[in-house]
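Please look over the sequence and the model below. A short briefing follows, grouped by topic.

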Amino acid sequence: MSEDVTNANQPTGMLKWSVISLLSVGGLTGLCILMVQMTPITTVSSRFDFNRTPDLKHGQKIYTVSCATCHGPGGMGLPHQGAPLAASAFVSMGTDQQVMQMIKIGRTPEDPKSVMHLPMPAKGGYSNLTDANLHDVVAYIRTLEKKTDAADSKKSTTQTSKGF
């Protein structure tokens, strides 16, 4: 024990403890920086204007590139890849802000709200999408929902006339 104290007072012992202290401070700083970078995006920008008229054509282009791969071109979902959006209770009952938020942060398979228990990457894996882009996509997804409703209504009328 007295040997350790004696060594700490020697130049090499002091150098060793200085290096350890420096590495500890540097490591903690690096860890803090990493944690800040890993902090998830938690909200749609409060400065975003939800009264802005969404661009449906732009939303369709973004959907085709970043969403249709898993959710299908018509929003009907693809087996083992993505949930149907056109008939989604979350989409139909959620506000634009709620749907945008979910797209923005994504979902993990463990998320209790996940229907298929598959990962959904934040912004569909396209980190450069802005709130305006997401607003356009949500507006486009809502048109898919309306197309599904119209098709269901047409089927129902046809089935009724056939006696189903």
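How many helices and how many strands does the secondary structure of the protein chain come to? There are seven helices and zero strands in this predicted model. Read along the sequence, the pattern is α-α-α-α-α-α-α.

**Whole chain**
- The protein chain has 164 residues, and 28% of them are buried.
- Of the contacts between residues at least 6 apart in sequence, 61% join residues at least 24 apart.
- The chain exposes about 11,400 Å², with 64% of that area supplied by carbon and sulfur atoms.

**Helix 3**
- Helix 3 covers residues 56-66, and its buried residues are Gly 59, Ile 62, Tyr 63 and Ser 66.
- Seen down the axis of helix 3, these buried residues fall within an arc of 100°, so they line one face of the helix.
- On the face turned away from that buried side, helix 3 carries the exposed residues Lys 57, Lys 61 and Val 65.
- At the start of helix 3, Asp 55 places a side-chain oxygen within 3.2 Å of the backbone nitrogen of Lys 57.

**Ala 132**
- Ala 132 belongs to helix 7, which spans residues 131-161.
- Ala 132 has a relative accessible area of 25% and is therefore partly exposed, as the range for that class lies between under 20% for buried and over 50% for exposed.
- Apart from neighbours within four places in sequence, Ala 132 is in contact with Phe 48 and Arg 52.
- Between Ala 132 and Phe 50 there are 82 residues of sequence separation, while their C-alpha atoms are 9.0 Å apart in space.

How values were computed. Residues numbered from 1 in each chain as written. Predicted model: local features only at pLDDT ≥ 70, side-chain atom pairs only at ≥ 80, totals over all residues. Heavy atoms only, no water. Helix = DSSP H or I, 4+ residues; strand = E, 2+ residues; numbered from the N terminus. Buried < 20%, exposed > 50% of the residue type's maximum accessible area, 1.4 Å probe, protein only. Contact = heavy atoms within 4.5 Å. Areas by Shrake-Rupley, 256 points an atom, 1.4 Å probe, with all protein chains shown as cover. Arc of directions from axis to C-beta. Polar contact = N/O pair within 3.5 Å; in protein donor to acceptor, adjacent residues only side chain to side chain.
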